[in-house]
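Subject: Structure handover

Hello,

Here is the structure you are taking over. Please have it open while you read the notes under it.

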Amino acid sequence: MPEISTKPYLLRAIYEWCTDSGYTPYLAVRVDSATTVPMEYVKKGEIILNISYGATSGLKMDNDAIHFRARFAGVSREIYVPVQNVLAIYANENGQGMAFDVSMTAAEMATPEEEATPAPSLSAVPASASETAPPEVSHSSDDDNKEPPKKGGRPTLTRIK
């Protein structure tokens with residue numbers, strides 16, 4: 001059984017200490033492809049996030065990641081930070097907290113199998129002559145007297161009972 005990291009437990013403890021003491025908890029994060037943060041606020045591969053109750057919505061600090069919603073310049077954004085990428089958690093008012101060594105980020109920890117397997121993607125498929133004609137649809141007797149939808153223009157929604 002692999003050893004459980006103490007880091008997520010320490011992060012939650014410092015967060016709780018900050019809020020109980022009336023301080024504003026801040027999170028310093030190393031940004032990589034596994035992190036979801038507004039890239040316009042990233043400086044030198046790092047970002048500082050205010051994770052106080054008033055600054056976040058739906059804050060969840062799991063053993064593997066921290067995720068929440070926050071506003072940046074008035075726009076609500078979804079934030080996802082792997083615990084592995086957290087550099088520090090501290091009180092903004094006095095700087096007390098805890099720093100962590102991030103020698104390997106979550107994206108760097110990807111297994112070689114994951115890197116060797118290409119991600120699924122969409123590609124165009126050439127159409128055969130039979131596929132270019134619209135498919136025939138059978139209608140009930142109530143629909144026989146209705147006109148087919150008009151081509152072009154604005155799309156409309158037709159209610160079928």
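This is a predicted model: local features need pLDDT of at least 70, side-chain atom pairs count only at pLDDT 80 or more; totals for chains, interfaces and linings use all residues.

Sheet and helix

Four strands make up an open sheet, ordered 2-1-6-7, with antiparallel pairing. The edges are taken by strand 2 and strand 7 (97-99); each has a single partner strand, so one side of each has no neighbour in the sheet. From one strand to the next the twist averages 15°. At the strand 7 end, strand 6 (residues 86-91) is joined to strand 7 by three bridges, and the two run antiparallel. Within strand 7, G97 is the residue that stands opposite Y90. Helix 1 (residues 7-20) packs on this sheet and touches strand 1, strand 6 and strand 7. The direction of helix 1 makes about 20° with that of strand 6.

Hairpins

Strands 3, 4 and 5 are linked by two hairpins. Strand 3 (residues 56-61) pairs with strand 4 (residues 65-72) in the antiparallel sense, over four bridges. Three residues lie between strand 3 and strand 4 in their hairpin, and M61 faces I66 of strand 4 across the pairing. Strand 4 also runs antiparallel to strand 5 (residues 75-82), to which eight bridges join it. One of the bridge pairs here is H67 with Y80 in strand 5. The hairpin of strand 4 and strand 5 has two residues between the strands, and A73 takes a positive phi near 55° in it.

Salt bridges

How many salt bridges are there? The count comes to two. One is between the side chains of R77 and E40, at 3.0 Å from N to O. This pair links distant parts of the chain: R77 belongs to strand 5, while E40 sits in the loop between strand 1 (25-30) and strand 2 (46-50), and the two are 37 residues apart. R77 has a relative accessible area of 25% and is partly exposed; E40, with 53%, is exposed. The cut-off for exposed is over 50%, so E40 at 53% falls on the exposed side.

The other salt bridge joins R69 to E78, with the closest N and O atoms 2.6 Å apart. R69 counts as partly exposed at 35% relative accessibility, and E78 likewise counts as partly exposed, at 42%.

Core

The largest nonpolar core contains 23 residues. Those with the most contacts inside the core are L11, L27, L49, I66, I79 and I89. At least two residues of this core come from each of helix 1, strand 1, strand 2, strand 4, strand 5 and strand 6. Which residues does I89 touch, not counting those up to four places away in sequence? They are L11, I14, Y15, Y26, L27, I51, G97, M98 and F100.

A loop residue

Y41 is located in the loop between strand 1 and strand 2 and counts as partly exposed, at 37% relative accessibility. Apart from neighbours within four places in sequence, Y41 contacts E46, I47, F72 and A73. Y41 and F72 are 31 residues apart in sequence, and their C-alpha atoms are 9.0 Å apart in space.

Regards

Definitions and conventions. Residues are numbered from 1 along each chain as its sequence is written. Side-chain values use heavy atoms; hydrogens and water are left out. Two strands pair if DSSP finds at least two bridges between them. A salt bridge is a side-chain nitrogen of Lys or Arg within 4 Å of a carboxyl oxygen of Asp or Glu. Buried means under 20% relative accessible area, exposed over 50%, partly exposed in between (1.4 Å probe, protein chains only). Axes are lines fitted to C-alpha atoms, for helices over the stretch in contact, and angles run from 0 to 180 degrees between N-to-C directions. Contact means heavy atoms within 4.5 Å. A nonpolar core is a set of buried Ala, Val, Leu, Ile, Met, Phe, Trp, Tyr and Cys residues joined through side-chain atoms within 4.5 Å.
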